[in-house]
Amino acid sequence: MDTPTLAAPTLAIWKLASCDGCQLTLLDCEDELLTLAGQVEIAHFLEASSAVRPGPYDLSLVEGSVTTAADAERVRAIRAESRRLVTIGACATAGGIQALRNFADVEEFRRTVYARPDYIDTLSTSTPVSAHVDVDFELRGCPIDRGQLLEVITAFLTGRKPDIPNHSVCFACKRRGTVCVTVAHGTPCLGPVTHAGCGAICPAYGRGCYGCFGPSGSVNLTALIPLLHRDGMDDRDVERLLRTFNAAAFDREAKEATP
(Lines give C-alpha, C1' and ligand atoms only; values in the text may rest on other atoms or scores of the structure.)
Protein backbone atom coordinates (compact mmCIF):
# COMPACT_ATOMS: atom_id res chain seq x y z
CA MET A 1 0.00 0.00 0.00
CA ASP A 2 1.44 3.34 -1.03
CA THR A 3 2.07 5.95 1.69
CA PRO A 4 0.03 9.11 0.99
CA THR A 5 2.19 12.11 0.06
CA LEU A 6 1.81 15.13 2.35
CA ALA A 7 1.10 18.40 0.58
CA ALA A 8 3.83 21.00 0.89
CA PRO A 9 2.92 24.02 3.06
CA THR A 10 1.95 27.07 1.07
CA LEU A 11 3.82 30.38 1.29
CA ALA A 12 2.41 33.73 0.12
CA ILE A 13 4.25 37.07 -0.07
CA TRP A 14 2.25 40.32 -0.21
CA LYS A 15 3.08 43.99 -0.74
CA LEU A 16 1.39 47.11 0.59
CA ALA A 17 2.99 50.61 0.60
CA SER A 18 6.74 49.94 0.36
CA CYS A 19 9.81 50.01 -1.90
CA ASP A 20 9.93 46.19 -2.42
CA GLY A 21 13.33 45.98 -0.71
CA CYS A 22 12.27 43.32 1.79
CA GLN A 23 10.81 41.11 -0.97
CA LEU A 24 14.12 41.50 -2.80
CA THR A 25 15.87 40.24 0.33
CA LEU A 26 13.98 36.96 -0.09
CA LEU A 27 15.02 36.73 -3.75
CA ASP A 28 18.59 37.55 -2.66
CA CYS A 29 18.65 34.35 -0.59
CA GLU A 30 19.68 32.57 -3.86
CA ASP A 31 20.92 29.06 -2.89
CA GLU A 32 18.82 29.04 0.28
CA LEU A 33 15.78 30.12 -1.74
CA LEU A 34 16.16 27.07 -4.01
CA THR A 35 16.24 24.84 -0.94
CA LEU A 36 13.21 26.63 0.49
CA ALA A 37 11.33 26.30 -2.80
CA GLY A 38 11.83 22.55 -2.56
CA GLN A 39 10.17 22.43 0.86
CA VAL A 40 7.17 24.74 0.30
CA GLU A 41 4.79 25.70 -2.45
CA ILE A 42 5.28 29.40 -3.20
CA ALA A 43 1.64 30.13 -3.95
CA HIS A 44 1.64 33.93 -4.24
CA PHE A 45 4.75 36.03 -4.92
CA LEU A 46 4.13 38.61 -7.65
CA GLU A 47 7.67 40.01 -7.31
CA ALA A 48 8.92 36.67 -8.66
CA SER A 49 6.07 35.14 -10.67
CA SER A 50 2.67 36.01 -12.14
CA ALA A 51 1.43 32.49 -11.33
CA VAL A 52 -0.92 32.67 -8.34
CA ARG A 53 -2.60 29.86 -6.43
CA PRO A 54 -5.74 30.79 -4.50
CA GLY A 55 -5.70 30.61 -0.70
CA PRO A 56 -5.87 29.67 2.07
CA TYR A 57 -2.14 29.89 2.80
CA ASP A 58 -0.11 28.31 5.60
CA LEU A 59 2.22 31.30 5.97
CA SER A 60 1.88 34.84 4.63
CA LEU A 61 4.69 37.40 4.66
CA VAL A 62 3.46 40.99 4.36
CA GLU A 63 5.71 43.88 3.31
CA GLY A 64 4.56 47.51 3.47
CA SER A 65 2.39 49.79 5.54
CA VAL A 66 -1.29 50.71 5.41
CA THR A 67 -1.66 54.12 3.73
CA THR A 68 -5.06 53.85 2.01
CA ALA A 69 -8.49 52.52 2.87
CA ALA A 70 -7.97 49.90 0.15
CA ASP A 71 -4.77 48.74 1.93
CA ALA A 72 -6.72 48.30 5.17
CA GLU A 73 -9.42 46.25 3.44
CA ARG A 74 -6.81 44.17 1.60
CA VAL A 75 -4.80 43.30 4.70
CA ARG A 76 -7.95 42.09 6.43
CA ALA A 77 -8.58 39.79 3.45
CA ILE A 78 -4.96 38.55 3.62
CA ARG A 79 -5.35 37.82 7.34
CA ALA A 80 -8.54 35.85 6.69
CA GLU A 81 -6.71 33.65 4.15
CA SER A 82 -3.57 33.06 6.23
CA ARG A 83 -3.02 30.51 8.99
CA ARG A 84 0.08 32.46 10.09
CA LEU A 85 0.87 36.07 9.19
CA VAL A 86 4.33 37.61 9.58
CA THR A 87 5.08 41.25 8.80
CA ILE A 88 8.51 41.99 7.33
CA GLY A 89 10.40 45.30 7.34
CA ALA A 90 10.14 48.77 8.85
CA CYS A 91 7.10 49.71 6.73
CA ALA A 92 5.01 46.72 7.82
CA THR A 93 6.14 46.76 11.47
CA ALA A 94 6.31 50.53 12.15
CA GLY A 95 4.74 52.43 9.23
CA GLY A 96 8.07 53.04 7.48
CA ILE A 97 9.60 56.30 6.33
CA GLN A 98 6.21 57.20 4.85
CA ALA A 99 4.96 57.53 8.46
CA LEU A 100 6.63 60.96 8.49
CA ARG A 101 3.21 62.06 7.25
CA ASN A 102 1.90 61.25 10.74
CA PHE A 103 3.68 64.41 11.95
CA ALA A 104 2.62 66.68 9.07
CA ASP A 105 -0.39 68.09 7.24
CA VAL A 106 -1.14 65.54 4.50
CA GLU A 107 -3.64 67.82 2.81
CA GLU A 108 -0.96 70.52 2.48
CA PHE A 109 1.45 67.98 0.95
CA ARG A 110 -1.22 66.83 -1.49
CA ARG A 111 -1.95 70.39 -2.61
CA THR A 112 1.75 71.28 -2.92
CA VAL A 113 3.14 68.18 -4.62
CA TYR A 114 0.44 67.04 -7.06
CA ALA A 115 -0.97 68.98 -10.02
CA ARG A 116 -4.28 67.14 -9.53
CA PRO A 117 -4.57 66.43 -5.79
CA ASP A 118 -8.11 65.17 -6.34
CA TYR A 119 -6.55 62.10 -8.01
CA ILE A 120 -4.77 61.12 -4.79
CA ASP A 121 -6.60 58.74 -2.47
CA THR A 122 -4.70 58.40 0.81
CA LEU A 123 -5.14 58.19 4.55
CA SER A 124 -3.66 60.90 6.78
CA THR A 125 -1.39 58.32 8.45
CA SER A 126 0.88 55.41 7.57
CA THR A 127 0.38 52.60 10.06
CA PRO A 128 1.84 49.13 10.69
CA VAL A 129 -0.13 46.05 9.75
CA SER A 130 -0.56 45.18 13.44
CA ALA A 131 -2.75 48.28 13.84
CA HIS A 132 -5.34 46.60 11.63
CA VAL A 133 -5.12 42.80 12.10
CA ASP A 134 -3.56 40.26 14.45
CA VAL A 135 0.06 39.49 13.53
CA ASP A 136 1.91 36.31 14.54
CA PHE A 137 5.42 37.83 14.32
CA GLU A 138 7.09 41.12 13.34
CA LEU A 139 10.49 40.93 11.60
CA ARG A 140 12.17 44.33 11.74
CA GLY A 141 14.67 46.10 9.49
CA CYS A 142 15.04 48.40 6.50
CA PRO A 143 15.59 46.15 4.76
CA ILE A 144 15.26 42.93 6.74
CA ASP A 145 18.23 40.62 7.22
CA ARG A 146 18.19 37.52 5.00
CA GLY A 147 19.45 35.22 7.78
CA GLN A 148 16.68 36.37 10.12
CA LEU A 149 14.11 35.98 7.33
CA LEU A 150 15.11 32.37 6.67
CA GLU A 151 15.01 31.66 10.42
CA VAL A 152 11.46 33.05 10.67
CA ILE A 153 10.18 31.10 7.66
CA THR A 154 11.83 27.88 8.85
CA ALA A 155 10.49 28.32 12.38
CA PHE A 156 6.87 28.84 11.34
CA LEU A 157 6.91 26.03 8.79
CA THR A 158 8.27 23.62 11.43
CA GLY A 159 5.94 24.81 14.19
CA ARG A 160 8.41 26.47 16.54
CA LYS A 161 9.07 30.02 17.78
CA PRO A 162 11.57 32.08 15.71
CA ASP A 163 14.93 32.57 17.42
CA ILE A 164 15.33 36.31 16.81
CA PRO A 165 17.12 38.13 19.68
CA ASN A 166 15.47 41.34 20.88
CA HIS A 167 18.68 42.97 22.08
CA SER A 168 20.34 46.16 20.79
CA VAL A 169 22.99 46.89 18.16
CA CYS A 170 25.46 47.41 21.03
CA PHE A 171 25.49 43.62 21.57
CA ALA A 172 26.37 43.12 17.89
CA CYS A 173 29.22 45.64 18.17
CA LYS A 174 30.64 43.81 21.18
CA ARG A 175 30.42 40.44 19.42
CA ARG A 176 32.30 41.61 16.33
CA GLY A 177 34.86 43.56 18.37
CA THR A 178 33.88 46.98 17.07
CA VAL A 179 35.13 49.93 19.12
CA CYS A 180 32.17 52.00 20.42
CA VAL A 181 31.95 55.09 18.19
CA THR A 182 30.23 57.11 20.93
CA VAL A 183 32.72 56.29 23.69
CA ALA A 184 35.84 56.52 21.52
CA HIS A 185 34.95 59.40 19.19
CA GLY A 186 31.82 61.13 20.55
CA THR A 187 29.84 60.10 17.45
CA PRO A 188 26.04 60.26 17.90
CA CYS A 189 24.69 56.71 17.61
CA LEU A 190 21.26 55.04 18.02
CA GLY A 191 22.84 51.63 18.61
CA PRO A 192 21.92 51.48 22.33
CA VAL A 193 18.18 51.71 21.52
CA THR A 194 18.03 49.94 18.12
CA HIS A 195 17.06 46.32 17.47
CA ALA A 196 19.98 44.16 16.31
CA GLY A 197 19.87 42.40 12.96
CA CYS A 198 22.06 44.39 10.54
CA GLY A 199 25.35 43.09 11.98
CA ALA A 200 26.23 46.58 13.30
CA ILE A 201 27.45 47.63 9.86
CA CYS A 202 27.52 51.41 10.40
CA PRO A 203 29.57 51.40 13.65
CA ALA A 204 31.97 48.92 12.00
CA TYR A 205 32.76 51.66 9.48
CA GLY A 206 33.06 54.41 12.10
CA ARG A 207 29.54 55.82 11.71
CA GLY A 208 26.72 56.01 14.22
CA CYS A 209 23.71 53.69 13.93
CA TYR A 210 20.73 55.21 12.08
CA GLY A 211 18.11 53.00 13.75
CA CYS A 212 17.08 51.07 10.61
CA PHE A 213 15.80 48.09 12.65
CA GLY A 214 13.63 50.16 15.00
CA PRO A 215 13.44 50.06 18.80
CA SER A 216 15.03 47.12 20.61
CA GLY A 217 13.39 45.32 23.50
CA SER A 218 15.08 47.56 26.09
CA VAL A 219 14.90 51.16 24.89
CA ASN A 220 16.12 53.86 27.30
CA LEU A 221 15.80 57.20 25.50
CA THR A 222 15.90 59.00 28.84
CA ALA A 223 19.54 57.93 29.15
CA LEU A 224 20.49 58.22 25.47
CA ILE A 225 19.19 61.72 24.64
CA PRO A 226 21.53 63.51 27.11
CA LEU A 227 24.46 61.68 25.44
CA LEU A 228 23.30 62.92 22.03
CA HIS A 229 23.15 66.47 23.45
CA ARG A 230 26.65 66.03 24.89
CA ASP A 231 27.93 65.00 21.46
CA GLY A 232 26.68 68.19 19.81
CA MET A 233 23.05 67.55 18.87
CA ASP A 234 20.30 69.99 19.81
CA ASP A 235 16.65 68.97 20.27
CA ARG A 236 15.87 69.42 16.57
CA ASP A 237 18.85 67.24 15.57
CA VAL A 238 17.70 64.50 17.95
CA GLU A 239 14.18 64.66 16.55
CA ARG A 240 15.49 64.32 12.99
CA LEU A 241 17.75 61.41 13.99
CA LEU A 242 14.80 59.50 15.47
CA ARG A 243 12.43 60.29 12.59
CA THR A 244 13.72 58.19 9.72
CA PHE A 245 12.79 54.62 8.81
CA ASN A 246 10.97 53.86 12.08
CA ALA A 247 9.74 57.34 12.99
CA ALA A 248 6.41 56.29 14.50
CA ALA A 249 7.94 53.52 16.62
CA PHE A 250 10.65 55.75 18.11
CA ASP A 251 8.09 58.53 18.64
CA ARG A 252 6.00 56.11 20.69
CA GLU A 253 9.06 55.22 22.77
CA ALA A 254 9.85 58.95 23.29
CA LYS A 255 6.32 59.65 24.53
CA GLU A 256 6.48 56.71 26.95
CA ALA A 257 9.81 58.07 28.27
CA THR A 258 8.35 61.54 28.85
CA PRO A 259 7.11 62.04 32.44
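Which side chain meets that of aspartate 136 in a salt bridge? I started my notebook with this one, and the partner is arginine 84, at 3.4 Å from N to O. A reminder to myself before going on: this is a predicted model.

**Entry 1: salt bridges**

I looked up where the two partners sit. Aspartate 136 is in the loop between H5 and strand E5 (137–139), while arginine 84 belongs to strand E4 (residues 82–88), so this pair ties together parts that are 52 residues apart in sequence. Aspartate 136 is partly exposed, with a relative accessible area of 30%. Arginine 84 is partly exposed too, at 36%.

I then searched the whole structure and found 16 salt bridges. One that I wrote down joins the side chains of glutamate 32 and arginine 146, with 2.9 Å from N to O. Glutamate 32 is part of helix H2 (residues 31–39) and arginine 146 part of helix H6 (residues 146–157), so the pair ties together parts that are 114 residues apart in sequence. I have glutamate 32 as partly exposed at 35% relative accessible area, and arginine 146 as partly exposed at 30%.

Next I checked arginine 243, whose side chain meets that of aspartate 251 in a salt bridge of 3.7 Å, N to O. Arginine 243 is partly exposed, with a relative accessible area of 26%, whereas aspartate 251 is buried at 17%. Which residues are linked with them in a network of salt bridges? I noted Arg236, Glu239, Arg243, Asp251 and Lys255 as its members.

**Entry 2: cysteines**

How many disulfides does the structure hold? I found zero. A disulfide would need two cysteine sulfur atoms within 2.5 Å. The sulfur of cysteine 19 has its closest cysteine sulfur in cysteine 142, and at 6.1 Å that is too far for a bond. Cysteine 19 is exposed, with a relative accessible area of 64%. For cysteine 180 the closest cysteine sulfur is in cysteine 170, and 6.3 Å is again too far for a bond. Cysteine 180 is partly exposed at 33%.

**Entry 3: aromatic pairs**

My count of aromatic pairs came to two. One of them is tryptophan 14 with tyrosine 57, an edge-to-face pair with 5.7 Å centre to centre and 75° between the planes. Tryptophan 14 lies in strand E1 and tyrosine 57 in strand E3 (residues 57–63), so the pair ties together parts that are 43 residues apart in sequence. Are these two buried or exposed? I have both tryptophan 14 and tyrosine 57 down as buried.

**Entry 4: backbone notes**

I found a cis peptide bond from glycine 55 to proline 56, with omega near 5°. Proline 56 sits in the loop between strand E2 (41–45) and E3. Another cis peptide bond joins cysteine 142 and proline 143, with omega about 0°, and proline 143 is in the loop between E5 and H6.

I also looked for positive phi values. Aspartate 20 has one of about 80° although it is not a glycine. I placed aspartate 20 in the loop between E1 and helix H1 (21–27), and at 16% relative accessibility it counts as buried. Alanine 200 has a positive phi as well, near 55°. Its place is the loop between helix H8 (181–185) and helix H9 (201–204), and alanine 200 counts as buried at 1%.

Proline 9 is in the segment before strand E1 (10–15) and is partly exposed, at 24% relative accessibility. Which residues does proline 9 touch, leaving out those up to four places away in sequence? I listed Gln39, Val40, Glu41, Asp58 and Leu157. I also took the C-alpha to C-alpha distance from proline 9 to glycine 197, which is 27 Å across 188 residues of sequence.

Last, I looked up a nonpolar surface patch of about 230 Å², made by Ile97, Leu100 and Phe103. Isoleucine 97 lies in the loop between helix H4 (90–94) and helix H5 (106–113), and I have isoleucine 97 as partly exposed at 45%.

How values were computed
Residues numbered from 1 in each chain as written. Predicted model: local features only at pLDDT ≥ 70, side-chain atom pairs only at ≥ 80, totals over all residues. Heavy atoms only, no water. Buried < 20%, exposed > 50% of the residue type's maximum accessible area, 1.4 Å probe, protein only. Helix = DSSP H or I, 4+ residues; strand = E, 2+ residues; numbered from the N terminus. Contact = heavy atoms within 4.5 Å. Patch = residues over 30% accessible without salt bridge, like charges linked within 9 Å, V, L, I, M, F, W, Y side chains within 5 Å. Areas by Shrake-Rupley, 256 points an atom, 1.4 Å probe, with all protein chains shown as cover. Salt bridge = Lys/Arg side-chain N within 4 Å of Asp/Glu carboxyl O. Phe/Tyr/Trp six-rings, centres within 6.5 Å; stacked < 30°, edge-to-face > 60°.
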